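Here is a short briefing on one protein model.

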Amino acid sequence: VTGGTQPDRSVKNKPITVNGSLTKTMVGGVATYSGFSASNYLEEAYSADLDFGTGDFCVMGWVNSSSPSSAQKVVFERLNIAKTIQLAIVLQASGVIGCYVANALTDYIATTATLQANTPTHVAVVRSAGVLSIYLNAISCASGATTRNLVFVDGVTRVGCRVDGTIPATNESLAIWRISATAPSTDQIAQIYRDELALFQTGAVGTL
């Protein structure tokens, strides 16, 4: 896909913009995106819907990396123009998933589990009642306290690289990424994981 937008399947109906060119591939019943670089990425302009303040939120989706331990890569970032307020999900060079939550000071947590190469992995980053947790395939792999105030005012959201264009997810394909101002329960995350895992099977057909 080159330019244009990709549809938002939520009730908000806010499409995301394709900058440059990305490869869109059907894997089972799922559309995956790859080919990310400094000039090829998905972006959403500022939306007050994504100003979470100190409240709950969730960012989740699927990552499939051909080389999870090759270098640091940014999967998702929301950042303001002054670069003082940040929410970022990063695949570190060690193969773990880390999350940065920043407003003046930075909170960071990371999984001890690493991603397996060439295997779709469901990643969920959830803040609930001031506790940030990272789930890999519905298993809680890290948690820590953070109440950083995420009101971006002019924040931009990018999928596939940092907002400044650096650290792109060059070896990754990404699918079904979404963001919400609510925090699903552990049971709900497990249900989402099981339901969506079936969509990656050969011959799978997804319905909305």
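Y100 stands opposite Y108 in β10. This is a predicted model: local features need pLDDT of at least 70, side-chain atom pairs count only at pLDDT 80 or more, and totals for chains, interfaces and linings use all residues. Residues are numbered from 1 along each chain as its sequence is written, and side-chain values use heavy atoms, without hydrogens or water.

**Hairpin**
- Strands β9 (residues 96-103) and β10 (residues 105-114) run antiparallel, joined by seven bridges. Strands are DSSP runs of E, at least two residues, and helices are runs of H or I, at least four, numbered from the N terminus. Two strands pair if DSSP finds at least two bridges between them.
- One residue separates β9 and β10 in this hairpin. A104 in the turn has a positive phi of about 75°.

**Open sheet**
- Seven strands pair antiparallel in the order β3-β4-β15-β6-β11-β12-β13.
- β3 (23-27) and β13 (139-145) are the edges; each has a single partner strand, so one side of each lacks a neighbour in the sheet.
- Six bridges join β12 to β13. L132 has G144 in β13 as its bridge partner.

**Nonpolar cores**
- The largest nonpolar core has 33 residues, of which L42, L87, I97, L150 and W177 touch the most other members. Such a core is a set of buried Ala, Val, Leu, Ile, Met, Phe, Trp, Tyr and Cys residues joined through side-chain atoms within 4.5 Å. Buried means under 20% relative accessible area (1.4 Å probe, protein chains only).
- β8 gives the most to this core, with four residues.
- A second, separate core of 13 residues includes A124, Y135, A138 and A190.

Methods. Buried < 20%, exposed > 50% of the residue type's maximum accessible area, 1.4 Å probe, protein only.
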